[in-house]
Amino acid sequence: MKMAPSTATLVSLLFSLTSAQKIGTTIPEHHPPLTTYKCSVANGCQAVNTSVVLDAFSRSFHSVSSPSSPCTLGSAPLCDTPESCAQNCALEGVDYGSWGIHTKDDALTLNQWRRDPSTGRITTVSPRTYLLASDGQNYESVTLLNAELSFDVDLSKLPCGMNGALYLSEMELDGGRGVSKGLNPAGATYGTGYCDAQCPPLSFINGAANPSKLGACCNEMDIWEANALATTYTPHPCSATRIRTCDSEATCGQPKGYCDKWGCAYNAYSHGYRDFYGRNKTVDTNRKMTVVTQFVTSNGRSDGKLADIKRVYIQDGKVIKNVVAKVGGGLQVDSMTDGYCNATATWTQERGGIEVMGEALARGMVLIFSLWADDGGFMNWMDSGNSGPCNDTEGNPALIVQHTPDASVTFSNIRWGEIGSTFKA
């Protein structure tokens, strides 16, 4: 189940959020470079000069005439309509290091907290970043139907209650620059246009002010949500392409909403495998691992329908197969199929199941990297009870920052392409 950032974090962002935006000039925007790889069976993996951009919600929104004065959505006359916000407010650049974001060659490291070197004060940064194409103007379009995505990950510094996530959302590739009627010149270059299957009621959608707080819904594929104790992968299909808005529980909520908020999750621990994933387990989270996710079609071609989402892990040069889930009707599978979702997640099937997820993967989705803690639910949905070995309270962020202030995740060697092209077994 994909969860939104903590309530406290979201509320604090909404208070300072404005509509779209002129572009600020106080802090230059320099995107940290991140080498990724596109692969084929015939030619191997070729490096791509991509980069990452911080989400617009984490940026300063301020008055054009007074950069020290924040713009607040709803404040008249500065920012009480989409047009006034766009005219009077600017979206600022950021210092990426101060947001816990560091890249080196093909590795991206995200930190949850930052300690001020002069005062020693710790602040929560909880970064969410998007993969930018080499032009720096648009998000990279990642197409994965009948293809695979592989990456290396080190999450040894992520205790209970943390979530180092790598996932895909069907955002507009230009960040909404082209659909916001001129109200969003910043676009993907400044991290605008977020949406996901939780239909978050954001203060702007595609960079245009959203005073009615409509939900921003779109297809979401959670390839990796994890800490060192638990992990899950989950498709969240929606009955719409790109962003669709919702304005009430009837159109946003489960089970009647546009999107499958709950998802069809695959978690080894939930299926009774207590020794498969974790510290010193079969998949040893004390050390870096390679995660491979394959999106297999019914006809073995990219024009087919998504029929299976497979997962394997690689450590020490050895392929570790996914666990076999025993679900209703005597079905035993080690991957995600319609049969698996029929038995475990009927709500997913009501929105077209993994076939609809495959349609989004064929159109192209935006690759997202994030790190967050859960102030309200302590990440219990992912790593405690039937989902993992953590207890109900050890995921409290107040406790985590005391014991693990350097909590971080590193994603590296990110590559995608034809099935069988991104790793050697």
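Trainee: This is a predicted model. Which hand does the link of Cys39 and Cys45 have?
Mentor: Look at the torsion. The angle about the S-S bond is 105° for Cys39 and Cys45. That makes the link right-handed.

Trainee: What is the S to S distance in the disulfide that joins Cys39 to Cys45?
Mentor: A disulfide needs its sulfur atoms within 2.5 Å. The Cys39 to Cys45 pair qualifies, with S to S at 2.0 Å.

Trainee: Is Cys45 buried or partly exposed?
Mentor: Start with its partner. Cys39 has a relative accessible area of 8%, so this residue is buried. Buried means under 20%, and exposed means over 50%. Cys45 has 33%, so this residue is partly exposed.

Trainee: How many disulfides does the rule give in total?
Mentor: The test is a pair of cysteine sulfur atoms within 2.5 Å. By that rule the count is nine.

Trainee: How many residues apart in sequence are the parts that the Cys238 and Cys259 pair ties together?
Mentor: The two are joined by a disulfide, S to S 2.1 Å. Cys238 lies in the loop between strand 17 (231–236) and strand 18 (244–246), and Cys259 in the loop between helix 3 (249–252) and strand 19 (277–278). So the pair ties together parts whose separation in sequence is 21 residues.

Trainee: Is Cys259 buried or exposed?
Mentor: The cut-off for buried is under 20% relative accessible area. Cys238, at 2%, counts as buried. Cys259 has 1% relative accessibility, so this residue is buried.

Trainee: Which hand does the disulfide of Cys246 and Cys252 have?
Mentor: Their sulfur atoms lie 1.8 Å apart. Both Cys246 and Cys252 are buried. The torsion about their S-S bond is about 95°, so the disulfide is right-handed.

Trainee: Why is strand 28 (residues 408–418) described as largely enclosed by the rest of the structure?
Mentor: Count its buried residues. Strand 28 has eleven residues, and it is largely enclosed because the number buried is eight.

Trainee: In which sense do strand 7 (residues 107–111) and strand 28 pair?
Mentor: Compare with strand 2 (residues 33–40), which runs parallel to strand 28 over three bridges. There, Tyr37 has Arg415 as its bridge partner. Strand 7 and strand 28 share five bridges, with Ala107 partnered by Ser412. Their sense is antiparallel.

Trainee: Which residue in strand 28 is the bridge partner of Glu148?
Mentor: Strand 11 (residues 147–154) runs antiparallel to strand 28. Seven bridges join the two. In strand 28, Glu148 is bridged to Gly417.

Definitions and conventions:
Residues numbered from 1 in each chain as written. Predicted model: local features only at pLDDT ≥ 70, side-chain atom pairs only at ≥ 80, totals over all residues. Heavy atoms only, no water. Buried < 20%, exposed > 50% of the residue type's maximum accessible area, 1.4 Å probe, protein only. Helix = DSSP H or I, 4+ residues; strand = E, 2+ residues; numbered from the N terminus. Pairing = 2+ DSSP bridges.
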